[in-house]
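Here's a quick briefing to read alongside the model. Have the sequence and the 3D view open, and we'll go through it topic by topic.

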Amino acid sequence: METGENATRTAHLARTTRVARVARVALVGDRSPHVPAHRQGPRMLAALPDAGGPVVEPYWVGTAEVDARELAEFDGVWLVPGSPYRSEAGAVAAAGTARERGLPFLGTCGGFQHAVLEFARHACGIADAAHAEQQPEAEELVIVPLSCSLYRQEGGIRLVPGSAAHRLLGAERATARYNCGYTLAPGYLDVLRAHGMRFTGHDVDGEVRIAELPSHPFWLATLFQPELSPEHEGPHPFVRAFAEAAARVAAARGA
């Protein structure tokens, strides 16, 4: 048994050589080789270290396999594109777990839609909030078809000055890439705002494209797919910021 000076030296060595805990992020979605975002999102995460970003380990979690207690053990949750999901309830539960537990959250395309759906149901009290893709005849359609489809489209977006999206992109305008057919119904904007959601990115016609929760450590949802950015541009700032937030959670848990 070591005592005195030797024990102190050993304890110091253990502290200074301790390996940092690698962030584990859940990619919640129904993985398919036919969905471009499912291929490019993990590649973008893998490219982060070469771009000076953190190392993160992504794990796929199917929407039908979501368990809130298990998901809470991850350091971040990315609700990826690919709707209609096998389980709408699972996708909504994933967004709710991240929001309620303060876990870094990124929702893209279908992830945006279901994160907004979760917030409408559980933060705003709209219990019957529905998605037109699953329940087209529902009375409380919070997510509705786009007036013009955005499948395989790109377009300009404007960022609200001072928002997290504006800070991360470093500009008031950017180009967004979509593969989407649904969006937030305008009639619900006010109630969502009243409960703390902020809409910080819009297309040229003023339609919502980015949502944030300023009260949350990191919560960002985009109707577009940042993971479809060209590889030569490097990891998208939103993906990098999500990974950095997850790394902070991992560091805090491993301290």
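In which loop does Pro 84 lie? Pro 84 sits in the loop between β3 (76-79) and α4 (88-101). Keep in mind that this is a predicted model. Across the protein chain the pLDDT averages 92, and 92% of the residues score at least 70. Over residues 1-18, though, the pLDDT is below 50, and beyond near neighbours in sequence that stretch has 2 contacts in the model.

- As background, most residues other than glycine have a negative phi, and most peptide bonds are trans.
- The peptide bond joining Ser 83 and Pro 84 is cis, with omega about 5°.
- Cys 109 has a phi near 60°, a positive value in a residue other than glycine. You'll find Cys 109 in the loop between β4 (105-108) and α5 (110-122), and it is buried because its relative accessible area is 5%, under the 20% cut-off.
- Arg 152 isn't a glycine either, yet it has a positive phi of about 55°. Arg 152 is placed in strand β6 (residues 141-159).
- Is Arg 152 buried or exposed? Arg 152 has a relative accessible area of 75%, so it counts as exposed, the cut-off being over 50%.

- Glu 133 is in the loop between β5 (130-131) and β6.
- Leaving out neighbours within four places in sequence, Glu 133 is in contact with Ser 83, Pro 84 and Tyr 182. That list takes in both residues of the cis peptide bond.
- Side chain to side chain, Glu 133 makes a polar contact with Ser 83 at 3.3 Å.
- Glu 133 counts as partly exposed because its relative accessibility is 23%, between the 20% and 50% cut-offs.
- For a sense of distance, the C-alpha atoms of Glu 133 and Thr 97 are 23 Å apart, with the two residues 36 apart along the chain.

**Helix α4 and Glu 88**

- α4 has 14 residues and reaches 20 Å from its first C-alpha to its last, close to the 20 Å expected at 1.5 Å a residue.
- Why call α4 largely enclosed by the rest of the structure? The reason is that 10 of its 14 residues are buried. Among them are Gly 90, Val 92, Ala 95, Thr 97 and Arg 99.
- Which side chain does the Glu 88 side chain meet in a polar contact? The partner is the side chain of Arg 121, at 2.9 Å.
- Beyond residues within four places in sequence, Glu 88 is in contact with His 114, Leu 117, Arg 121, His 131, Gln 134 and Gln 135.

- β8 (residues 198-203) is mostly covered, with 5 of its 6 residues buried.
- β8 pairs with β6 in the antiparallel sense over 3 bridges; here, Ile 157 has Asp 203 of β8 as its bridge partner.
- β8 also pairs with β9 (residues 208-212), again in the antiparallel sense, over 4 bridges. Across this pairing, Phe 199 stands opposite Ala 211 in β9.

**The nonpolar core**

- In soluble globular proteins, nonpolar side chains tend to be buried together.
- How many residues does the largest nonpolar core have? The count is 76, and those with the most contacts inside the core are Val 28, Leu 45, Val 142, Leu 184, Leu 192 and Met 197.
- Setting aside residues up to four places away in sequence, Leu 45 touches Val 25, Leu 27, Val 56, Pro 58, Trp 78, Val 239 and Ala 243.
- Ala 47 is found in helix α2 (residues 36-47). Ala 47 is partly exposed, with a relative accessible area of 32%.
- The C-alpha atoms of Ala 47 and Pro 104 are separated by 19 Å, and the two residues are 57 apart along the chain.

Technical notes: Residues numbered from 1 in each chain as written. Predicted model: local features only at pLDDT ≥ 70, side-chain atom pairs only at ≥ 80, totals over all residues. Heavy atoms only, no water. Helix = DSSP H or I, 4+ residues; strand = E, 2+ residues; numbered from the N terminus. Buried < 20%, exposed > 50% of the residue type's maximum accessible area, 1.4 Å probe, protein only. Polar contact = N/O pair within 3.5 Å; in protein donor to acceptor, adjacent residues only side chain to side chain. Contact = heavy atoms within 4.5 Å. Expected span 1.5 Å × (residues − 1). Core = buried A, V, L, I, M, F, W, Y, C linked by side-chain atoms within 4.5 Å. Pairing = 2+ DSSP bridges. pLDDT = per-residue confidence, 0-100.
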